[in-house]
Amino acid sequence: MANKQLTQAKKAKKDEFYTQLEDIEAELKHYKKHFEGKTVLCNCDDPRMSHFFYYFVLNFHLLGLKKLITTCYKNQDPDLFSVSATEQAVYLVYEGEDIGMPPNPNIAGLVHPLKGDGDFRSEECIEFLKEADIVVTNPPFSLFREYVAQLMEYQKKFIIIGNINAVTYKEIFPFVQSEQIWLGPSIHSGDREFEIPSSYPLEAASSRTDSDGRKFIRMKGVRWFTNLDFPQRHEELILYKKYKPEDYPYFDNYAAINVGKTADIPCDYDEAMGVPITYLDKHNPEQFEILDANNLIIENRAPKKPHGLIKDKDGCINGQAVYARILIRKRK
Ligand SMILES: C[S@@+](CC[C@H](N)C(=O)[O-])C[C@H]1O[C@@H](n2cnc3c(N)ncnc32)[C@H](O)[C@@H]1O
């Protein structure tokens, strides 16, 4: 249900979903060594309300940060829960000063107006991007493709939160396949809660309002996307199933077998295998390589696809469509 609302939100460009501090902490604790002496940019974050801002101020000295920059997009929803929300796009540069607890950038006079609307693609925001070493945020779902394209163009390190389905986008999968983007370690399943403006329509099952009247929605399929390394990424996936042809049928149009569950990847099979997208939660680049499905099409039976996955009607087994699959092969 929450996914349906996410799709509707995407269509309506309702992008106000606020990441919870505990989700930020659970992910960022895996990257501590990367932050020493670095400038962090949160470029979809109103410093007056973002938990990313809050996290980096709280941990500024612990992480040994050099600078924190946050920029916010002009507020599209004036009835937002933050009392300080205005239509004005702003930026903040924080360098470790004492701004109280909880941090209050307004009082310290650290918040300044932007010339434009704070769009991450605007010239002034790109200048901040160029200055940054690591970008950390929850970007707008409706602009995820463009957001990632910009990070890659400027060769930035990043930790951003999004939906696992983004892996199947033609603009994203080639980066996953070439090991330029991977999934973070803290979320591999389940839902996550995001705070939303009170004006967003909600279905009861996936939402709640707390005693202060703040609204939250639960979303499925949430993942962190990053290009910063962490130790769990190099842990070997333990496999125990033996290959038996009857258990692993071939795709009609691709020279690969189908594996229904990541845990069923056969330990003794050396050729291409189609695995669920959620395999990426366990992917170790030293154990398996991710393949471009276009290179495994049998005798022009399927057209080349811009994304490089097995999906849609060409990805069938005995004429029956299966869920989208990523192709992998054991490294020698
Ligand atoms: C999913 S929300 C996350 C907000 C915040 N990063 C957090 O996690 O709490 C995405 C934010 O991006 C902002 N946004 C929308 N379009 C934008 C754009 N073109 N440039 C920069 N920010 C944008 C929205 O206003 C929204 O606050």
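Predicted model: local features only at pLDDT ≥ 70, side-chain atom pairs only at ≥ 80, totals over all residues.
The charged end of R233 sits over the ring of W182, 3.4 Å from the ring centre. Such a placement is counted when NZ of Lys or CZ of Arg is within 6 Å of the ring centre and within 35 degrees of the ring normal.

Residues are numbered from 1 along each chain as its sequence is written, and side-chain values use heavy atoms, with hydrogens and water left out.

**R145 and its helix**

R145 belongs to helix 6 (residues 144-153). Helices (H or I, at least four residues) and strands (E, at least two) are DSSP runs, numbered from the N terminus. At 33% relative accessibility, R145 is partly exposed. The scale is simple: buried means under 20% relative accessible area, exposed means over 50%, and partly exposed lies in between (1.4 Å probe, protein chains only). R145 and F251 are 106 residues apart along the chain, and their C-alpha atoms are separated by 29 Å.

**Aromatic rings**

How many aromatic pairs does the structure hold? There are 12. One of them joins Y279 and F288, edge-to-face, at 6.1 Å centre to centre and 85 degrees between the planes. Rings of Phe, Tyr and Trp (its six-membered ring) pair if their centres lie within 6.5 Å; planes under 30 degrees apart count as stacked, over 60 as edge-to-face and the rest as tilted. Y279 is buried, with a relative accessible area of 0%. F288 is buried too, at 1%.

F35, Y55 and F56 form one aromatic cluster. Y55 and F56 are also among the buried residues of helix 3 (residues 51-58), together with F52, F53 and V57. An α-helix has 3.6 residues a turn, so residues three or four places apart point the same way. The N-terminal end of helix 3 is capped by S50, with a side-chain oxygen 3.0 Å from the backbone nitrogen of F52.

**The ligand**

Around the ligand are 19 residues, and D15, E16, T19, D45 and F120 come nearest. A residue is near a molecule or strand if one of its heavy atoms lies within 4 Å of it.

| Residue | Protein atom | Ligand atom | Distance |
|---|---|---|---|
| E16 | side-chain N or O | oxygen | 2.4 Å |
| T19 | polar side-chain atom | oxygen | 2.5 Å |
| N138 | backbone N or O | nitrogen | 3.2 Å |

Taken alone, the ligand exposes 580 Å², and the protein buries 97% of that. These areas come from the Shrake-Rupley method with a 1.4 Å probe; for residues, only the protein chains shown count as cover.

Y31 is in the loop between helix 2 (21-28) and strand 2 (39-42). Is Y31 buried or exposed? It is buried, with a relative accessible area of 0%. Leaving aside neighbours within four places in sequence, Y31 is in contact (heavy atoms within 4.5 Å) with I159, G184, P185, T226, L228, D229 and F230. Y31 and L63 are 32 residues apart in sequence and 9.6 Å apart in space, C-alpha to C-alpha.

D23 lies in helix 2. D23 is buried, with a relative accessible area of 11%. Not counting residues up to four places away in sequence, D23 touches R192, E193 and W224.

**Backbone details in loops**

Which peptide bond is cis? The bond from M101 to P102 is cis, with omega near 0 degrees. P102 is in the loop between strand 4 (90-94) and strand 5 (111-113).

E179 has a phi near 60 degrees, a positive value in a residue other than glycine. E179 is in the loop between helix 7 (173-177) and strand 8 (182-183). Its relative accessible area is 19%, so E179 counts as buried.

N318 has a phi near 50 degrees, again positive in a residue other than glycine. N318 is in the loop between strand 16 (316-317) and strand 17 (320-321). At 66% relative accessibility, N318 is exposed.

Conventions
Polar contact = N/O pair within 3.5 Å; in protein donor to acceptor, adjacent residues only side chain to side chain.
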